[in-house]
Amino acid sequence: MTDTVREQRFLALLNANLPALGRLAGSYAGNTGERDDLLQEIALALWQALPRFRGECSERTFLFRIAHNRCINHIARRRSMDSLQALELDPADESRPVDQALSQQQDSARLTDAVRRLPVIQRQVIVLALEDMEYHEIAEVLGISESNVGVRLNRARASLRKLMGEGP
Amino acid sequence: MNAIPELDNLRQRWQTQSAPATDVAALRARVAADSRNNVRTLVVVALGTLAVLGFTLLRAMRSDEPNTWVSVVFVTCFAVLVWLVALVLSRGTWRPRDESIAAYIDLSIHRCRSVIFAAPIGVVFYVAGLIGSLAWRQRLLGVEWQQLLQAPEMIIAGWIGAPAYAIGMFINARVHRRRLGFLEKLRRELGED
């Protein structure tokens, strides 16, 4: 792969997916500064991995695989053991009423916060599902079966409902 | 999947998040800078080794004392040994076997183990290098031990530097041991159906 082709592919992939990558990074980072650093790490990893892309999957799948790997590395560095432990919901969160007057921005921030608190195994699946990925694409990114995606997604949705105090 | 109304609602809320302030051009510029820095770091370490070797060689060539060539042999062997051990320890830590998440986690685990294993070896090398340098001065240049142990460079590199280096390596190994625990647990959990 020549440098020009690499550069073009790199810029095209980032241009098309930057908002999605920002949201993905945001679900693994504690604040916007950390998110931007993680985004930078993802960009660097993509740049380094692009010459190894052989077209076995779509470029988007390839990009999200790299992004997820970076995110896992990031939380490993942060030693976020809590994110791996069994989900223990804060009763205060369960009973937190949904404020209908919340702005769209606050609403989405609450969702991000809830996603961030999911165990990694569920967070990976729900983030990809929220980015409009189909089961088979999620399975490809994470290297798991489609039925496994379904199981994890159901668990993630149930956890999210509890965390956001929206339903049973 | 798209037919799940609850998920559609969540998607709408999820995708209204504000986009990151960083733009693609800024990311590209920082990627270029990071790539340059990675290469620079490697070059600096390699140049540092060459500088030490060159300095020892130059000193031996200028000296009338034939014993100074022993120091050239010692420094060269030591540098080769350190680089060889570093290369052996970093085997398999350069890139994942494929682009899967499992391969990346395995790579991170391998890197952590490598760092943990390298910590005591690094301390042994540091102390060995220090003792070798002192022994060479004492035996070949005839400097007294008392004088060597109280020299300013020995105070900095030995009495302060050695414990500081050992503590640094110990802390680094501890951090990586924790990270290793996390990654091993993550690998187990991600493998579960």
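How many helices and how many strands are there in chain B? Chain B holds six helices and zero strands, where helices (H or I, at least four residues) and strands (E, at least two) are DSSP runs numbered from the N terminus. The model is predicted: local features need pLDDT of at least 70, side-chain atom pairs count only at pLDDT 80 or more, and totals for chains, interfaces and linings use all residues. Residues are numbered from 1 along each chain as its sequence is written, while chains are lettered from A and ligands numbered from 1 in the order in which they are written.

**View 1. The overall form of chain B.** Along the sequence, the pattern of chain B reads α-α-α-α-α-α. Chain B is more spread out than a compact globule, because its radius of gyration is 25 Å, well over the 16 Å that the globule rule gives for 193 residues. That radius is taken over C-alpha atoms, and the rule is 2.2 Å times the number of residues to the power 0.38. The C-alpha trace spans about 85 × 40 × 30 Å along its principal axes. Of the 193 residues of chain B, 13% count as buried (20 or more other C-beta atoms within 10 Å of the residue's own, with C-beta atoms placed from the backbone).

**View 2. The contact of chain B with chain A.** The contact takes 35 residues from chain B and 45 residues from chain A; two residues are in contact if their C-beta atoms, placed from the backbone, lie within 7 Å. On the side of chain B that touches chain A, helices H1 (5-14), H2 (24-62), H4 (101-140) and H6 (152-191) of chain B each supply at least two residues. The largest share of this side, eight residues, comes from H6(B). By class, the side has 17 nonpolar, six polar and 12 charged residues. Ala, Val, Leu, Ile, Met, Phe, Trp, Tyr, Cys and Pro count as nonpolar, Asp, Glu, Lys and Arg as charged, and the others, Gly among them, as polar.

**View 3. Helix H6 of chain A.** This helix (residues 120-130) is mostly covered, with 10 of its 11 residues buried. Among the buried residues are Val120(A), Arg123(A), Ile126(A) and Leu130(A). H6(A) is followed by Asp132(A), whose phi is positive, near 70°.

**View 4. The two domains of chain A.** Chain A is divided into domain 1 (1-81) and domain 2 (90-168), with bounds from an automatic or database domain assignment. Their contact takes 10 residues from domain 1 and 12 residues from domain 2.

How values were computed
A residue is buried if 20 or more other C-beta atoms lie within 10 Å of its own, exposed if 12 or fewer, and partly exposed in between; C-beta atoms are placed from the backbone.
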